[in-house]
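User: I have a model open and would like to go through some of the labels attached to it. Could you set each one against its definition for me?

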Amino acid sequence: MQLKKNKNFFELLIICVSVLVYFINYYFRDYLISGSQVDFYGFVFRNIQYFKEDFLKSILNYGKLGDANWPLLYILHAYLNPLSGNINFYLFSTTIIGFLTFLILSLTLNNLNFNRVESIAFASLILLLPWFNGRAHWGTSANLGWFFLLITFYFYTFYKNKKFRGKLLSKNTLLFLICLFSALSLYSRLSFIFFSIFFFLTFLFSNEENKYKFRIIIYYFFLSIPGLMLIYIWGGIYDYQNREVIVYTHSYKNILENIPIIFNYFFFYLWPIIFIEFYKKGFKYITKEYLKIIFYLILIYSFLFFNNSFDYLSQYTFGGGAILKFGYLIKDNNIMFLIASILGGTFIISILKENKKNILLFVILFIIYGYPKYLFQDYFEPLIFILFYCGLIQSKKLILLKKNFTFLSLIYFFYFLIYNLSTIIYKIYIY
């Protein structure tokens with residue numbers, strides 16, 4: 001009884017503090033580390049007004065508007081958000097969208113057989129993340145994209161959980177909703193196309209009936225028409241004629257250089273799982289699970305390091321993530337970053353060995369997110385956290401969360417709380 005009371009207390013503590021921090025950050029949004037403030041004053045709010053004034057002109061000259069993402073953000077806020085004419089009202093409305101995103105995440109976790117309070121508590125952790133806060137409080141495209149993507153994940157987990165399937169929504173309706181909201185998410189944030197590709201391919205090559213496969217093709221075809229129209233108007237996936245800089249900063253050649261950075265990001269958000277495994281299963285299990293992978297990655301990284309193949313890591317003026325930038329401060333020659341990258345890579349490889357169904361998702365992620373030259377941490381926040389804990393990355397390690405929910409939640413709670421505070425201190429005194 002006492003254990004249950006303590007568990008309930010900690011869950012309520014996490015929820016209350018996380019929500020409080022989120023709304024405090026709204027009032028102190030100028031001190032958030034996210035570059036969203038620059039985007040907002042640079043082009044976001046201005047572009048909404050442009051779309052209100054002249055929709056067609058804004059579409060035809062979209063490259064001049066300064067946003068690398070597609071224009072759904074501006075269309076929806078210009079014509080459906082009555083608060084978008086005033087800066088303070090608009091920012092409050094986007095903060096509410098961010099809060100609704102957290103609530104949708106809690107419903108998604110509930111679909112994965114967490115009880116209601118556990119779902120809310122664990123979902124509330126994203127409210128502590130500084131880049132999630134920045135995108136929500138400054139109303140950029142990622143905020144709206146996350147809102148639609150989490151709705152997609154909600155229906156996806158609803159569809160995957162046979163206990164729910166068919167009880168409230170028909171299979172056909174669920175599939176349509178998954179297609180619809182995944183399309184809306186990528187029209188808000190183009191990199192979110194990864195889920196549409198992943199879902200389409202896995203469904204197409206599954207054992208589902210052919211009639212449902214045909215419907216998926218039809219749904220995505222009609223939902224792709226707005227995108228095809230933009231490609232036709234612009235002559236490509238972006239209005240390159242009006243903004244050539246996008247061409248120079250995006251290339252398949254960046255993918256290999258970005259792999260260590262993506263490995264590092266996975267470690268940053270998922271290291272508590274490794275810690276719990278060590279704490280609960282002991283050194284012998286960790287040695288058996290990870291040692292061989294770590295050994296081979298150390299050999300590869302050592303070869304690359306002594307051949308100066310990692311020199312580019314010391315030249316990041318943009319992107320690279322918190323661990324890399326902290327290494328700059330203490331002048332550690334990127335050693336801390338490389339250790340975190342090895343551990344993150346080890347975790348990913350162990351997941352791939354455990355379940356080969358993850359390979360397609362990781363291949364798509366590495367190609368799409370590895371494409372830009374500057375790989376910012378906010379691209380992966382809260383992406384990695386959500387992909388793993390919503391079960392899209394399939395792993396038995398997720399069982400650890402359910403068995404050690406309170407312990408793991410508290411680790412994340414204090415970790416993200418310190419992370420949030422540290423970024424504010426960094427922004428005020430160092431940045």
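User: Why is serine 395 called buried?

Analyst: Serine 395 has a relative accessible area of 14%. Buried means under 20% relative accessible area, exposed over 50% and partly exposed in between, with a 1.4 Å probe and protein chains only. The 14% of serine 395 therefore puts this residue in the buried class. A word on the source: this is a predicted model, in which local features need pLDDT of at least 70 and side-chain atom pairs count only at pLDDT 80 or more, while totals for chains, interfaces and linings use all residues. Residues are numbered from 1 along each chain as its sequence is written, and side-chain values use heavy atoms, with hydrogens and water left out.

User: Where does serine 395 lie, and what does serine 395 touch?

Analyst: Serine 395 is in the loop between H18 and helix H19 (398–403). Helices here are DSSP runs of H or I with at least four residues (strands are runs of E with at least two), numbered from the N terminus. Contact means heavy atoms within 4.5 Å. Setting aside residues up to four places away in sequence, serine 395 touches Ile351, Glu354 and Phe388.

User: What makes the pair of phenylalanine 268 and tyrosine 415 tilted?

Analyst: Rings of Phe, Tyr and Trp (its six-membered ring) pair if their centres lie within 6.5 Å; planes under 30 degrees apart count as stacked, over 60 as edge-to-face and the rest as tilted. That rule gives 74 aromatic pairs. In the pair of phenylalanine 268 and tyrosine 415, the ring centres are 5.7 Å apart and the planes stand at 50°, so the pair is tilted. Phenylalanine 268 belongs to helix H14 (residues 254–306) and tyrosine 415 to helix H20, so the pair ties together parts 147 residues apart in sequence. Both phenylalanine 268 and tyrosine 415 are buried.

User: Which label does the pair of phenylalanine 385 and tyrosine 412 get?

Analyst: This pair is edge-to-face, with 5.2 Å from centre to centre and 80° between the planes. Phenylalanine 385 sits in helix H18 (residues 383–389) and tyrosine 412 in helix H20, 27 residues apart, and the pair links distant parts of the chain. Phenylalanine 385 and tyrosine 412 are both buried. Leaving out residues up to four places away in sequence, tyrosine 412 touches Phe122, Leu125, Tyr269, Leu270, Pro272, Phe385 and Tyr389.

User: Which residues of the largest nonpolar core touch the most other members?

Analyst: A nonpolar core is a set of buried Ala, Val, Leu, Ile, Met, Phe, Trp, Tyr and Cys residues joined through side-chain atoms within 4.5 Å. Of the 139 residues in the largest one, Phe194, Phe195, Phe199, Tyr389, Tyr412 and Phe416 touch the most other members. H14 supplies the largest share of this core, 17 residues.

User: How do you know that arginine 29 lies over the face of tryptophan 138?

Analyst: A charge sits over a ring if NZ of Lys or CZ of Arg is within 6 Å of the ring centre and within 35 degrees of the ring normal. Arginine 29 is at 5.4 Å from the ring centre of tryptophan 138 and lies over its face. Lysine 281 lies over the face of tyrosine 285, at 4.5 Å from the ring centre.

User: Why does isoleucine 14 count as buried?

Analyst: Isoleucine 14 has 2% relative accessibility and therefore counts as buried. Isoleucine 14 is part of helix H1 (residues 2–27). Beyond its neighbours within four places in sequence, isoleucine 14 is in contact with Ala121, Ser124, Leu125, Ser409, Leu410 and Phe413. The C-alpha atoms of isoleucine 14 and alanine 121 are separated by 5.9 Å, although these residues are 107 residues apart along the chain.

User: And why is proline 260 called buried?

Analyst: Its relative accessible area is 7%, so proline 260 is buried. Proline 260 has its place in helix H14. Apart from neighbours within four places in sequence, proline 260 is in contact with Tyr301, Phe310, Tyr312, Phe337 and Ser341.

User: What is the relative accessible area of asparagine 334?

Analyst: The value is 6%, so asparagine 334 is buried. Asparagine 334 lies in the loop between H15 and H16, and its phi is near 70°, a positive value in a residue other than glycine.
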